Amino acid sequence: STPSAILISPIFDEHSMVGAVELASFRNFTKIEIEFIRSISRVIAISITNIKRTSQLEKLNIQSQLAQASLKEKEEEIKQQLEELQANNEELDRKSQELEHYKLELEQRNNEIVNIRLQEKQLLESQLQSQQQSYELIINKLKDKLIKLSTKTN
């Protein structure tokens, strides 16, 4: 059958229309029924708004939990990276100390080599001086012999 009356009541929340209630009847609606439908429309609007807000809150809660899990994961990664950096720093410090030790050792050896070379130089100079004196003695002796020979022959 075709209804004889249709009642359409918009459902408004605080700012906009969120829906409509449509009722059909085989008789005309009374003022009390119309007023009742309007009041129920307000309750329905509040319920719809609450459902939407609850849904949004659930979505935000899920997003928050996901973000929190992601942050926790990143925090763990950062902690691990920090531990690795600390281990690397400790290794670098150890190697730096080793290098410093080797540097000091090399400096000592270089100083020893310089001292040995100085001693060798002094020894060579001494030997050279000694040889020079020996040659001078020999030359002087030869001169003396030449002079003696030359005086004998004259």
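This is a predicted model: local features need pLDDT of at least 70, side-chain atom pairs count only at pLDDT 80 or more; totals for chains, interfaces and linings use all residues.
Good morning. I begin at the surface, where Tyr 135, Ile 138, Ile 139 and Leu 142 form a nonpolar patch with about 420 Å² of accessible area together. A patch here is made of residues with over 30% relative accessible area and no salt bridge; nonpolar side chains (Val, Leu, Ile, Met, Phe, Trp, Tyr) are joined within 5 Å, and like charges within 9 Å. The accessible areas come from the Shrake-Rupley method with a 1.4 Å probe, and for residues only the protein chains shown count as cover.

Residues are numbered from 1 along each chain as its sequence is written, and side-chain values use heavy atoms, with hydrogens and water left out.

Let us look at one member of the nonpolar patch. Ile 139 belongs to helix H1; helices (H or I, at least four residues) and strands (E, at least two) are DSSP runs, numbered from the N terminus. The cut-offs are as follows: buried means under 20% relative accessible area, exposed means over 50%, and partly exposed lies in between (1.4 Å probe, protein chains only).

Lys 141, Lys 145, Lys 148 and Lys 152 gather on the surface in a patch of positive charge. In this count Lys and Arg are positive and Asp and Glu negative, while His and the chain ends are not counted. The place of a charge is taken as NZ of Lys, CZ of Arg, CG of Asp or CD of Glu. Lys 141 lies in helix H1, which covers residues 31-153. With a relative accessible area of 58%, Lys 141 is exposed.

I turn now to the strands. E1 and E2 run antiparallel and are joined by eight bridges; two strands pair if DSSP finds at least two bridges between them. Together E1 and E2 form a hairpin, with four residues between them. Which residues face each other across this pair? Ser 9 stands opposite Val 21 in E2, and the bridge partner of Ile 6 in E2 is Ala 24.

The side chains along E1 alternate. Pro 10, in strand E1, counts as partly exposed because its relative accessibility is 36%. Pro 10 and Arg 42 are 32 residues apart in sequence, yet their C-alpha atoms are 9.2 Å apart in space.

The loop between strand E1 (5-12) and strand E2 (17-25) holds Glu 14. Glu 14 is exposed, since its relative accessible area is 63%. From Glu 14 to Thr 49 there are 35 residues in sequence and 9.1 Å in space, C-alpha to C-alpha.

My last topic is charge pairing. Side chains of opposite charge can pair when their charged atoms come close. How many salt bridges does a search of the whole structure find? The search finds six, a salt bridge being a side-chain nitrogen of Lys or Arg within 4 Å of a carboxyl oxygen of Asp or Glu.

One of these joins the side chains of Glu 33 and Arg 27, at 2.8 Å from N to O. Both are partly exposed: Glu 33 has a relative accessible area of 25%, and Arg 27 one of 46%.

In helix H1, Glu 91 and Arg 94 lie three residues apart, about one turn of the helix, and their side chains meet in a salt bridge at 2.4 Å, N to O. Glu 91 also forms a salt bridge with Lys 95, with the closest N and O atoms 3.8 Å apart. Lys 95 and Glu 91 are separated by about one helical turn because they are four residues apart in H1. Glu 91, Arg 94, Lys 95 and Glu 98 are linked in a network of salt bridges. Thank you.
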